Structure formats: structure tokens, C-alpha cells
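This report looks at selected parts of one protein structure, taken in turn. The sequence and the coordinates are shown first.

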Amino acid sequence: MERLMDSNLEQAKLYFYQLLVSGESYTYREILALITDKLKNLLQADCMALYIYDEWQQRLDRISYAGPRQSGFCQSISYLSQEICMPELLRESPHTLDRIVPLQHHDEQFLGFLYLGGGGERIPDCRQLAFEIGNFVNRLIHLQSIKENEQHAIQLYEATTNLHASIDMHDVLSVLITTLQRTYPQFAYALLLAQDYHGDTDLPIKNLVYDYSVHEASTKAYMTGEVQVEMSGEGQVVNHYVPLNGKQGIYGVLHVSLPKEMRYTKADHDFITKLADSAGNALENARLYQHSKKLISDLQLINETSKKLNANLRLTDTITLMHQQIRDTFGGEEIGFILYKGDQDADTVLDGSTSFFFDEESKPFLDLVAHHYRDNSGEAMFISNFQERYPEMQIPFRSLLVIPMIRSEQLQGVVLVLHRSPSFFTFESFRLIESLVQHSSLSIVNSMLQEKLEKLVITDYLTNLCSRSYLDERMREHIQKDAQGGFILIDIDDFKKVNDTYGHNTGDYLLIQVSNLVKDAMGSADVAARWGGEELAIYMPHASSAQVLSKAEHLVKSIAGSTRPAVTVSCGVSTWTDTDRPTVHQLFSKADSKLYDAKRLGKNRYCI
């Protein structure tokens with residue numbers, strides 16, 4: 001076989017050099033296409049194909065071709081550099097005179113093949129030319145790599161700058177997708193995020209499914225932090241799953257899809273991986289910033305609520321404030337505040353709770369909660385679907401939060417927050433409500449103790465009626481403001497005889513019976529007190545003389561014969577109008593005088 005003439009070899013080398021220094025903005029593939037066409041004509045071949053070896057993906061890619069359209073040459077095949085390459089590997093129906101010439105450069109690194117189609121004896125021995133082509137292709141690949149790396153470095157710098165310029169997750173994800181679409185518009189992308197994303201829907205975002213049996217590659221990429229590659233079911237699409245790595249965790253997976261035949265180099269892989277890492281770090285920073293803002297907001301909420309609760313609020317004001325904070329911040333439909341009284345079965349639903357907790361239908365549910373806390377010393381409950389866990393309990397609510405109120409390691413009660421929708425409350429909101437209730441429990445209990453103490457101060461311990469000092473104060477206030485009113489002084493007839501006959505315990509029990517009958521007779525505005533010893537008193541604000549007399553008559557009749565042992569009472573009545581506004585002492589003195597008249601007239605009666 002003839003050797004390639006020196007003049008032809010020099011002509012080819014000159015052509016190679018001219019392409020490199022021409023200054024034309026040829027692409028890598030355009031230069032190789034020009035070379036292939038030139039060599040076909042130089043060697044008088046029927047057709048010619050240039051295959052370049054991709055060591056990273058271990059395959060041969062047809063970079064250029066010169067010849068008839070219907071050539072039958074493969075576009076891309078898997079190949080190991082040590083294998084023997086026969087014509088039938090690269091062409092469906094090779095000609096008997098086809099030849100394959102390996103391409104190498106001076107350090108004997110394998111670069112690919114030059115496929116010479118047809119031509120017979122006209123094609124000379126071109127090993128020297130293949131060597132020159134190898135050197136040229138190696139140089140071209142090197143220049144192309146430098147150019148791509150420079151371009152990728154510029155793009156990566158710009159993208160990284162934009163990624164870290166924002167602390168908003170949506171902006172970070174937008175920069176990532178925009179950069180990829182601008183750099184590789186022929187690829188398809190999806191973002192598989194590790195947590196629910198509630199931003200705009202203009203981004204290709206999907207929830208990451210943690211299931212090896214269905215999504216093995218994406219799950220493995222997320223769990224290991226390493227890029228995973230898989231072919232689609234039809235074998236026509238290559239899927240790359242690139243984790244979005246941060247310094248403290250993995251925040252999702254970038255899914256890149258491309259046709260199998262499409263060129264995807266190690267430089268492309270490195271660029272996309274570095275871009276994904278930058279996006280992961282930016283996402284981490286954005287999430288940390290948002291989390292810190294949320295923590296600050298939560299602390300401000302707890303601090304502001306604690307300040308208001310510690311401002312000596314009444315119990316009703318405390319519960320109202322807590323109710324408002326929980327509703328405004330977390331959106332509960334039903335909010336309840338339940339107090340437990342030691343080991344007693346009865347619970348106390350505090351005013352400020354919503355209507356559901358006062359409904360008789362809620363009792364089985366409240367009993368279930370009380371049983372959980374009283375018998376099991378339960379911790380806070382966070383239930384996303386109550387009906388699934390307790391199908392026998394028919395309530396219209398799915399989401400449930402129950403936070404115990406603890407003081408001095410003792411259970412005082414619970415706070416309940418309910419919503420009809422399942423999974424309505426997040427775990428973060430659950431923890432915040434728990435913290436809010438823990439900080440508020442002391443204020444709630446203190447408000448209860450303060451009101452209990454106040455009640456003890458103004459309440460007679462035996463009869464549970466008001467104290468005389470409290471009644472004096474209320475009478476003084478009403479006499480100054482009202483237009484009329486009345487006062488009834490009540491004395492148990494022959495009370496000393498009861499004590500002497502039955503003993504002081506029976507006397508006390510009898511006094512309690514009479515006090516309870518007085519309570520039953522009171523109107524909503526009336527104030528009753530133990531005046532002293534066996535004497536009781538009722539002040540009736542706004543009442544007319546007729547109303548006061550009617551009340552005195554009712555008391556005398558209802559008490560007579562209603563106690564055990566049976567006793568009667570005598571009453572002295574005094575009334576007033578704004579034409580003759582008395583002092584408290586004057587009103588009492590008049591009633592006391594009339595009480596003695598009732599005693600002298602035979603007892604079991606009233607006088608005015």
C-alpha cells in the first residue's frame with residue numbers, strides 16, 4: 001500500500017495550523033467537521049467519520065462525518081479504550097475495504113478513531129497522518145477544555161454571587177434554574193426538595209419521596225450526598241440526580257434529564273455539581289436566616305405575652321389574652337382551658353374557652369383527655385388526625401394539640417387547640433404553643449390563687465357568704481351612686497337554745513343551712529354577708545321598698561320549717577331613696593331597730 005505523499009501530509013498539517021490561527025470563531029465541532037471533509041478529499045475516501053473517546057463516560061462519540069447521508073454510522077457507543085475496535089462496531093454494514101485508524105498523540109494517549117469508508121487501493125497508508133491528526137485533536141481538546149473551564153468559571157462566579165446575594169429560598173432556587181437553563185437549554189430540570197415548599201409555583205419543584213423501592217436514585221443521592229445516574233425505562237434518557245449539599249445537611253436534589261446521545265462531559269458534570277453545591281450552601285444560609293427570624297419572632301411573642309400576663313391581670317383577662325394569642329398566631333378553631341381539681345372527676349372549663357368545651361357532647365372527649373393526664377401523667381399531645389387514632393370518639397376535629405399546665409411539678413390543667421383539617425398544625429407551631437403555655441402557666445395559676453385569696457379575704461369561712469367589711473364597702477358605693485335600695489338584717493330566733501341543746505357543731509350546721517337558703521333567695525345584684533354571730537344581712541341595690549319587703553317576707557316563710565333542727569328568723573328592714581340618702585351606719589341602725597321590734601312582737605316575722 002502506498003504511503004501518503006509527503007506533499008499531502010504537509011498540506012494537511014498546514015491546513016490544521018491555518019484553522020488554529022485563522023481567528024475565525026469556529027466551534028470545536030465545526031473545526032473537526034472541516035478537518036474530516038478535508039481529509040476525505042485528500043485521501044479520496046468514499047466517506048469518513050471521526051470518533052472521539054470520552055474517557056469519563058467510557059464511550060465513543062461521532063464528532064464529525066463527511067460523505068453520503070445514508071452512511072449507517074453509529075452516533076455513540078459504549079467502549080473501553082483497551083478493546084479492539086472493528087468496523088462493524090461503528091457502522092451497521094461496513095464495506096470490505098473500510099479501515100479504522102486509531103488516533104494517538106505523542107504520549108501515546110488514546111484519543112479515538114478515524115473511520116475510512118471505501119476507496120480501496122486508492123487510500124494510502126496514513127498512519128503518519130493519523131499521528132498528526134491525533135496531536136491536532138489533542139491540542140484542540142485541550143484548548144476547548146480551557147475555553148469551557150473559563151466560561152464555566154465566569155458563569156459559576158456570577159451564579160454564586162447571585163445565589164449568596166439573597167436570603168430568600170425562592171430567589172436562590174430561581175438563580176439555580178435560570179443559570180442551568182441559560183447554560184444548558186437542551187436539558188430538562190426538576191427540583192426535589194426535602195421539605196414542603198410554599199413559594200411560587202413557577203419553578204419546577206416536586207416533593208422528594210423517601211422510598212428506595214420507587215425512587216432509588218433520587219433517594220440515594222439525598223441520603224448519601226453523592227451524584228447518582230440512571231437510565232430511563234426506555235433507555236433513551238439519562239437522569240442525573242445531583243444533591244444540594246450544604247455544610248450542615250442536604251436540602252434537596254437537582255434532577256437533570258438529557259437524551260442519551262447528547263454530549264455530557266466531565267466539565268459539564270463538574271460545573272453542575274459545583275453550582276448545586278453553591279445553591280445548597282445558599283439554601284442553608286437562607287433557611288438559617290429564616291429560622292433565626294422565626295426564633296426571634298417566637299421569643300418576642302413569648303416575651304410580650306409574659307409581660308402582659310405578669311401585669312397583675314385577673315384570671316378572665318389572662319385567659320382572654322392567651323386565647324387571642326393562640327388564635328391569632330396558630331389559627332385554632334376551638335381553644336379550651338381546662339382546670340383539674342386534684343383527683344376529683346369534675347373539671348372546670350374556664351371562661352374564655354370556646355363554645356365546644358361547654359357543650360355536653362364534648363364531655364367524652366374531655367374525659368379521654370383527663371384520663372390520659374390524670375392516670376398516665378401524659379406529656380403534651382400532638383395529633384395530626386385524631387379520628388384515625390381514636391375512631392370511636394366522634395368529634396368533628398382532626399388536628400389536636402393538648403398542652404399540660406404544670407406548676408411546681410404538679411398538673412394544674414390543660415390547654416386544648418383543635419382544628420377540623422388534618423395536619424393543620426406544624427411541629428414548629430406545636431413546640432411554640434408548648435413553650436407559650438409553659439411560660440403562661442405560672443401567671444394563670446397565680447391569677448387563680450390571687451382571686452382565691454381575694455375571695456377568702458371577703459368571704460366568711462363558715463357560711464361562704466361575704467364578710468361584713470366587704471358588704472359595708474359595697475353598700476357605701478351603691479348609696480353614693482344609686483337612686484334607691486334596701487337592707488335586710490336577719491337573726492336566727494333562739495339560736496343560743498340550739499347551741500345549748502344540740503351543741504355548737506349543730507349550731508354551725510344550722511347557720512350554714514340558713515345561709516344557703518339566703519343564697520337561694522338572692523337576686524343577681526344582691527349582696528349577702530354574715531353580719532356577726534347568728535346575724536346575716538342582704539343589701540339590695542336599686543330595689544324599691546315593695547321589692548325589699550317582698551324579699552323579707554319570702555325569707556321568713558322559706559326558712560321557717562326548712563331547717564333541721566327547725567328554726568325561724570326575724571328580719572329588720574330599712575329602705576332609702578335619693579331624697580333621703582343615708583350613711584351605711586344610719587341604714588344599719590334603722591334595720592337593727594326594726595329587728596328588735598320583730599323580736600318583741602313574737603319573732604318569725606319582719607318589721608319595717
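The sections below take up the basis of the model, a sheet with its helices, a helix pair and one aspartate.

## Basis

This is a predicted model, in which local features need pLDDT of at least 70 and side-chain atom pairs count only at pLDDT 80 or more, while totals for chains, interfaces and linings use all residues. Residues are numbered from 1 along each chain as its sequence is written, and side-chain values use heavy atoms, with hydrogens and water left out.

## The sheet and its helices

Five strands form an open sheet in the order 7-6-10-9-8, with mixed pairing; helices (H or I, at least four residues) and strands (E, at least two) are DSSP runs numbered from the N terminus, and two strands pair if DSSP finds at least two bridges between them. Strand 7 (205-207) and strand 8 (228-231) are the edge strands, each with a single partner, so one side of each has no neighbour in the sheet. On average, neighbouring strands are turned by 25° against each other, direction ignored.

Strand 9 (residues 237-245) and strand 10 (residues 250-259) run antiparallel and are joined by eight bridges, with Val237 standing opposite Pro259 of strand 10. Helix 5 (residues 169-183) packs on the sheet, touching strand 6 (188-193), strand 7, strand 9 and strand 10, and its direction makes about 160° with that of strand 6; contact means heavy atoms within 4.5 Å, and axes are lines fitted to C-alpha atoms, for helices over the stretch in contact, with angles from 0 to 180 degrees between N-to-C directions. Helix 6 (residues 216-224) lies across strand 6, strand 8, strand 9 and strand 10, and runs at about 140° to strand 10.

## Helix 2 against helix 4

Helix 2 (residues 28-43) packs with helix 4 (residues 127-163) at an angle of about 170°, their axes being 11 Å apart. Helix 2 is therefore roughly antiparallel to helix 4, a term used for angles over 145 degrees. Among the residues that make the contact are Ile31, Ile35 and Leu39 of helix 2 and Ile133, Phe136 and Gln144 of helix 4.

## Asp98

Asp98, in the loop between helix 3 (87-90) and strand 4 (99-104), counts as buried because its relative accessibility is 8%, the cut-off for buried being under 20% relative accessible area (1.4 Å probe, protein chains only). Leaving aside neighbours within four places in sequence, Asp98 is in contact with residues including Pro87, Arg91 and Leu116.

How values were computed
Buried means under 20% relative accessible area, exposed over 50%, partly exposed in between (1.4 Å probe, protein chains only). Angles under 35 degrees count as roughly parallel, over 145 as roughly antiparallel, 65 to 115 as roughly perpendicular and the rest as oblique.
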